[in-house]
Amino acid sequence: MKHKLLSLNVGQPETYETDRGPLRSAYRKKPVHETKYLSSLNFEGDEQADKKHHGGRDKAVCLYPAQHYRHWEDYYNQTFSFPAFGENITVEGIEEANVHIGDIFQLGEALVQITEPRKPCYIIARTHGIDDFPAKVIQSGYTGFYLRVLKEGYVKPGDWMSLVERHPSMISVEEVNDVRYNDRDNHEKIEAIIALDALSDSLRETLQKRLS
C-alpha cells in the first residue's frame, strides 16, 4: 500500500479576519515545492498558534486525504484548494477506513505512525465562513488523522507514503471516530482503543474519563 503526497504544507501563526472577527491561527498553511525536514515535532517552517490543543510529538503531522476534497466541493458547491483543511500533508487515496492506529509508513526519508483521528474544531468553520463545517466533517467521517515521527528525515512533494507495518490491533481510524462521536458508551470498544500502545496520550486521557 502506497499513496502519493500531493501537497506539502507549512504555516506560521497569524491573525486574520473572519466573518466573526479576528482569529489567530496557523490554519492557513501554504504549499511548498521544496524539500522540508520533518523533525519529531513538525515540518521545518511549520508552527502552531495553540500548542495546548495542536502539535506536540503525538500530533507532529496532520494528514488529510486528497480525494475528500471532491466530496466537499460537491457538497458545498464550491472549490477548495490544498490545504483547505489546515493539513501538513495532502495524500491521495489513503482512507480513514483502511488505516489503523499504530500503522507505520515511510514518508520520504521519515518514518511516521498514525496516532489518532483529527478532531475538527471551530477554526475550520470560521476560516471558510461555513458554520456547519465541523459537524459535517464529523458526520462524514472524513476527518483526516495525526502522525507521530518515529524517524526524522527530509520529505518533498511527490514523495510516496508507503505502508511499512500494520498494527496488529487493526483498529481503524474510522472505528475510533465512531466511538468518539457515535458509539460513545461502548466500554468494550473504548477499553480496546485505550489499550493501543500507539494511541495519542490526549485521546487516551479523554476516553479514560468516559469509563470513570
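Predicted model: local features only at pLDDT ≥ 70, side-chain atom pairs only at ≥ 80, totals over all residues.
Trainee: Which strands does strand 12 pair with, and how many bridges join strand 1 to strand 12?

Mentor: Strand 12, residues 160–165, pairs with strand 1, residues 2–10, through 3 bridges. Strand 8, residues 104–107, is joined to strand 12 by 4 bridges.

Trainee: Parallel or antiparallel, for strand 1 and strand 12?

Mentor: Strand 1 and strand 12 run antiparallel. Strand 8 and strand 12 also run antiparallel.

Trainee: Which residue in strand 12 is the bridge partner of Lys2?

Mentor: Ser162 is the partner of Lys2. For Phe105, the bridge partner in strand 12 is Leu163.

Trainee: What about side chains along a strand, which way do they go?

Mentor: In a regular strand they alternate between the two faces of the sheet.

Trainee: Switching to helices. At what angle do helix 5 and helix 6 pack?

Mentor: The angle is about 150°, and the axes of helix 5 (residues 187–194) and helix 6 (residues 201–211) are 10 Å apart. The pair is therefore roughly antiparallel, since angles over 145 degrees count as such.

Trainee: Left-handed or right-handed crossing, for helix 5 and helix 6?

Mentor: Helix 5 passes helix 6 in a left-handed crossing.

Trainee: Which residues meet there, between helix 5 and helix 6?

Mentor: From helix 5, the residues are His187, Ile190, Glu191, Ile193 and Ile194. They meet Arg204, Leu207, Gln208, Arg210 and Leu211 of helix 6. By class, this contact has 5 nonpolar, 2 polar and 3 charged residues.

Trainee: And helix 1 with helix 3, at what angle do they cross?

Mentor: The axes of helix 1 and helix 3 cross at roughly 125° and come within 13 Å. Helix 1 and helix 3 are therefore oblique to each other. Helix 1 passes helix 3 in a right-handed crossing.

Trainee: Which residues of helix 1 and helix 3 meet?

Mentor: His71, Trp72, Tyr75 and Tyr76 in helix 1 contact Phe133, Lys136, Val137 and Ser140 in helix 3. These residues divide into 5 nonpolar, 2 polar and 1 charged.

Trainee: Which residues of helix 4 are buried?

Mentor: In helix 4 (173–181), the buried residues are Val173, Val176, Asn177, Val179, Arg180 and Tyr181.

Trainee: Backbone now. Is the peptide bond from Phe82 to Pro83 cis or trans?

Mentor: The bond from Phe82 to Pro83 is cis, with omega near -5°. Pro83 lies in the loop between helix 1 (68–76) and strand 7 (89–91).

Trainee: What is phi of Asn77 near?

Mentor: Phi of Asn77 is near 55°, which is positive, and the residue is not a glycine. Asn77 lies in the loop between helix 1 and strand 7.

Trainee: Is Asn77 buried or exposed?

Mentor: Asn77 is exposed, because its relative accessible area is 70% and the cut-off is over 50%.

Trainee: And Met170, what is its phi near, and where is it?

Mentor: Met170 has phi near 55°, again a positive value in a residue other than glycine. The loop between strand 12 and helix 4 holds Met170. With a relative accessible area of 44%, Met170 is partly exposed.

Note on methods:
Residues numbered from 1 in each chain as written. Heavy atoms only, no water. Pairing = 2+ DSSP bridges. Helix = DSSP H or I, 4+ residues; strand = E, 2+ residues; numbered from the N terminus. Axes fitted to C-alpha atoms, helices over the stretch in contact; angles between N-to-C directions. Parallel < 35°, antiparallel > 145°, perpendicular 65-115°, else oblique. Left-handed = near helix turned anticlockwise from the far one by under 90°. Contact = heavy atoms within 4.5 Å. Nonpolar A, V, L, I, M, F, W, Y, C, P; charged D, E, K, R; others polar. Buried < 20%, exposed > 50% of the residue type's maximum accessible area, 1.4 Å probe, protein only.
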